[in-house]
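Please look over the model shown here.

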Amino acid sequence: MNSLIKLELTRALRNRKFLFFSVIYPSVLFLIIAGNADSTAQVPGTGLTLPTYMMVSMASFGALTAVLMGNSERIAKEREGGWVRQLRLTTLPGRGYVLAKTASAAVVSLPSLVIVFVIAAAVKDVRLDAWQWLALTGAIWAGSLVFAALGVAIGYLASGDAVRPITMITYFGLSLLGGLWMPTTTFPAWLQDIAKWLPTHAYAALGQAIEQSRAPHVQDVAVLVVSFALFAGGAAWLYRKDTLKA
Amino acid sequence: MTTTASVVAFDQVSKAYDAVRAVDALTLALRPGETVALLGPNGAGKSTALDLLLGLKKPDSGTVRLFGTGPREAIVAGRVGAMLQSGGLMDGVTVAELVRLACALHPKPYRPSEVLARAGIAQLADRRVDKLSGGQAQRVRFALATAGESDLIVLDEPTTGMDVTTRQAFWATMREQAGQGRTVLFATHYLEEADAAADRVLVLHRGRLLADGTAAEIKARAGARRISFDLEGAIDRPALRALPFLTALDVSGRTVRIRSSDADATVHALYGLGVYPRNLEVAGLGLEQAFVALTTAEEAKSR
């Protein structure tokens with residue numbers, strides 16, 4: 001299975017468009033949004049400066065892009081093209097394909113979020129304790145698994161033609177409504193009520209709690225855990241259904 | 001009936017899609033070292049039979065055993081290499097990378113360079129998989145199927161998209177594989193291909209095994225050639241019917257149509273009758289017609 005992970009990675013690193021969007025783009029977006037902001041301007045109700053706040057949002061966004069965008073489309077296309085069938089004629093265990101996809105996405109998502117941190121620290125003077133940097137990296141990286149599972153589920157749910165629009169709608173919807181592009185505090189109240197139940201909102205809130213040196217809200221952790229169970233369960237169910245059909 | 005000595009054993013295997021019986025109570029056994037053609041027109045159930053054989057589909061009833069175990073166990077043990085018609089390739093990687101993956105996943109792998117050379121794609125090693133022609137992609141699939149020392153090689157319409165030269169080179173490689181004691185099973189809808197490459201031909205029609213024998217036997221049973229001509233004057237039917245190797249006779253007006261399992265001998269004897277056939281034509285019987293001939297014979301027998 002390591003050989004498949006390695007090959008998936010080789011392929012991901014060769015795909016410049018994918019690398020740009022998952023590794024560079026979040027940092028660029030961070031600079032656009034936080035670039036002109038006063039480094040001391042605070043996001044209301046958080047006690048965090050705008051660059052500090054947006055750093056977590058964009059790191060989360062980058063990890064989301066890396067784990068969601070590539071996999072759902074590849075899985076749907078490779079299912080349709082018969083590569084998944086061909087792999088079933090090898091010794092690779094059934095789960096191996098999905099695990100290799102997830103593992104390679106995780107490898108790409110790590111530099112994506114680290115680069116956002118480096119840029120935020122270097123350009124916008126974001127300063128945190130060492131433990132906070134480490135915890136942020138760990139939490140955002142681990143939390144991206146929730147969306148990796150979602151990507152796999154979409155890949156098994158959608159046909160090759162439908163997968164791109166479905167992924168795009170999910171991706172932009174979750175990013176925007178979850179407050180990854182702008183603080184949800186700028187939303188009207190009714191939209192804020194919806195946003196706080198989205199896994200992306202909980203995901204970024206986890207990082208912000210670390211920046212605020214406090215324990216995360218129980219609700220955010222619960223939303224992430226339930227989302228993961230739903231997405232992973234759905235992916236497993238769809239995977240089994242697909243295997244019987246293939 | 002089902003013995004562990006069989007490489008492949010189907011016992012009363014059935015698979016239906018909605019109301020259509022794709023494979024219908026199929027029972028067969030392949031012995032070690034055989035090269036077997038699974039012959040049938042499109043829709044005969046060949047691909048479904050191979051999917052069942054490889055464990056990609058579960059039979060509705062009956063059992064499929066490979067080397068005395070289930071298909072998945074045999075694959076995990078590295079005893080089966082397969083090339084599917086519907087088998088896709090991974091995009092965005094090179095041919096060599098893909099072959100290295102196949103070798104890495106095989107319990108008894110060959111060296112990737114050997115596999116590439118044997119499949120005749122060494123010169124394509126650095127080509128991206130998504131940039132291959134149909135015939136080249138077929139050879140890459142073949143390379144994936146022969147990445148290791150498998151005892152059984154299964155090929156679903158392997159020469160689709162190959163030109164004549166490639167096709168010949170391909171069968172030469174296959175014969176080499178079979179010569180090393182491997183069992184080779186391939187599906188095809190070309191009678192000539194089955195004839196040229198297989199020791200044994202299984203004819204599948206509507207999911208049932210219609211015939212099982214050497215290619216020569218199958219062709220003979222199907223009445224492999226069609227002879228037609230016009231006759232002046234009175235037509236002596238009994239004399240025509242007595243022609244050697246004749247399997248069917250049809251007279252309409254002055255036109256006579258004959259099916260023969262040995263057209264040369266039949267035509268020779270025809271001239272021996274002292275008649276003067278005009279507009280004589282001898283044509284190969286298409287496989288479709290061969291099937292009609294076989295099924296008609298089959299139905300007549302069961303009546």
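The report below takes up these topics in turn.

## The contact between chains A and B

The model is predicted. Chain A gives 19 residues to the contact, and chain B gives 22 residues. On the side of chain A that touches chain B, α1 (2–14), α3 (50–81) and α4 (83–87) of chain A each supply at least two residues. The largest share of that side is six residues, and they come from α1(A).

What classes of residue make up the side of chain A that touches chain B? Six are nonpolar, eight are polar and five are charged.

## A helix pair across the contact

α1(A) packs against helix α3 (residues 95–105) of chain B. The angle is about 165 degrees, and the axes are 9 Å apart. The cut-off for roughly antiparallel is over 145 degrees, so α1(A) is roughly antiparallel to α3(B). The crossing of α1(A) past α3(B) is left-handed.

Which residues make this contact? From α1(A) come Ser3(A), Leu4(A), Leu7(A) and Thr10(A). From α3(B) come Glu97(B), Leu101(B), Ala104(B) and Leu105(B). By class, the contact of α1(A) with α3(B) has five nonpolar residues, two polar and one charged.

## Nonpolar cores

The largest nonpolar core has 142 residues. Those with the most contacts inside this core are Met55(A), Ala37(B), Leu38(B), Ala143(B) and Val154(B). α3(A) provides the largest share of the core, 16 residues.

## Met90(B)

Where is Met90(B) found? Met90(B) sits in the loop between β5 (80–83) and α3 of chain B. Is Met90(B) buried or exposed? Met90(B) is buried, because 20 other C-beta atoms lie within 10 Å and the cut-off for buried is 20 or more.

Not counting residues up to four places away in sequence, Met90(B) touches Trp83(A), Leu98(B) and Val129(B). Met90(B) and Pro112(B) are 22 residues apart in sequence. In space, the two are 17 Å apart, C-alpha to C-alpha.

Definitions and conventions:
Residues numbered from 1 in each chain as written. Chains lettered and ligands numbered in written order. Predicted model: local features only at pLDDT ≥ 70, side-chain atom pairs only at ≥ 80, totals over all residues. Contact = placed C-beta atoms within 7 Å. Helix = DSSP H or I, 4+ residues; strand = E, 2+ residues; numbered from the N terminus. Nonpolar A, V, L, I, M, F, W, Y, C, P; charged D, E, K, R; others polar. Axes fitted to C-alpha atoms, helices over the stretch in contact; angles between N-to-C directions. Parallel < 35°, antiparallel > 145°, perpendicular 65-115°, else oblique. Left-handed = near helix turned anticlockwise from the far one by under 90°. Core = buried A, V, L, I, M, F, W, Y, C linked by C-beta atoms within 7 Å. Buried ≥ 20, exposed ≤ 12 C-beta atoms within 10 Å, placed from the backbone.
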